[in-house]
Amino acid sequence: MFSKACEYGIRASIFIATKSSKGIRVGIKDVAKEIDSPEPFTAKIMQILTKNGIIHSAKGVGGGFEVSAEALKSIKLIQIVDAIDGDKIYSGCGIGLKECSEDHPCPVHFEFKKIRGLLHEMLTKTTLEQLASGVKNGDFFLKTLNLD
């Protein structure tokens with residue numbers, strides 16, 4: 001549903017938020033490693049998140065990425081998605097048709113419309129603080145398990 005960039009952006013924001021809640025700034029290498037993303041691609045995503053006021057970037061010694069305590073409470077997941085993917089996820093056709101509407105629906109139009117509505121509601125209600133808290137508590141994970 002989300003683009004790869006958006007998936008990485010969400011994971012990066014959560015990772016940075018968990019570190020920020022402990023007073024730690026993180027560098028681009030740490031972010032890229034944690035979210036399992038190529039560093040140049042991660043840097044582009046971080047530019048977008050910084051430009052949109054989701055993440056703060058501090059330069060120089062002791063610099064890195066962080067999220068303020070106030071921002072943790074107010075930033076909603078929808079802001080990250082909109083910054084990276086825009087709003088096409090709420091309006092696009094479920095099977096990718098260029099022409100899909102109430103008057104000319106695709107086979108999944110009406111069911112997918114319900115799902116998009118639920119997704120929009122979840123993204124609007126969920127804060128970065130909630131997600132970071134779940135990761136810190138061990139309820140949620142940002143990395144897949146290595147079962148080898």
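Where is the place of D36? D36 is found in the loop between α2 (28-35) and α3 (39-51); helices here are DSSP runs of H or I of at least four residues and strands are runs of E of at least two, both numbered from the N terminus. The structure is a predicted model, in which local features need pLDDT of at least 70 and side-chain atom pairs count only at pLDDT 80 or more, whereas totals for chains, interfaces and linings use all residues. Residues are numbered from 1 along each chain as its sequence is written, and side-chain values use heavy atoms, with hydrogens and water left out.

Although D36 is not a glycine, its phi is positive, at about 60 degrees. This positive phi occurs just after α2. D36 is exposed, with a relative accessible area of 63%; exposed denotes over 50% relative accessible area, buried under 20%, and partly exposed the range in between (1.4 Å probe, protein chains only).

Within α2, the buried residues are V31, A32 and I35. Seen down the axis of α2, these residues fall within an arc of 95 degrees, so they line one face of the helix; the arc is that of the directions from the helix axis to the C-beta atoms. An α-helix has 3.6 residues a turn, so residues three or four places apart point the same way. The buried residues of α2 pack against α1, α3 and β2 (64-66), contact being defined as heavy atoms within 4.5 Å. On the face of α2 turned away from its buried side are the exposed residues K29 and K33.

By class, the contact of α3 with α5 comprises 6 nonpolar, no polar and no charged residues (Ala, Val, Leu, Ile, Met, Phe, Trp, Tyr, Cys and Pro count as nonpolar, Asp, Glu, Lys and Arg as charged, and the others, Gly among them, as polar).

Helix α5 is also a packing partner of helix α7, whose buried residues pack against α1, α4 (69-74) and α5. In α7 (residues 128-136), the buried residues are L128, L131, A132 and G134. Viewed down the axis of α7, they fall within an arc of 160 degrees, so they line one face of the helix. Just after α7, G138 takes a positive phi of about 85 degrees.

Two further residues were examined individually. M1 is located in the segment before α1 (4-20) and is exposed, with a relative accessible area of 59%. M1 and I89 are 88 residues apart in sequence, yet 7.2 Å apart in space, C-alpha to C-alpha. With residues up to four places away in sequence not counted, M1 touches I89, F112, I115 and L119. H109, in contrast, is buried, with a relative accessible area of 7%, and lies in helix α6 (residues 109-125). Apart from neighbours within four places in sequence, H109 is in contact with C100, S101 and E102.
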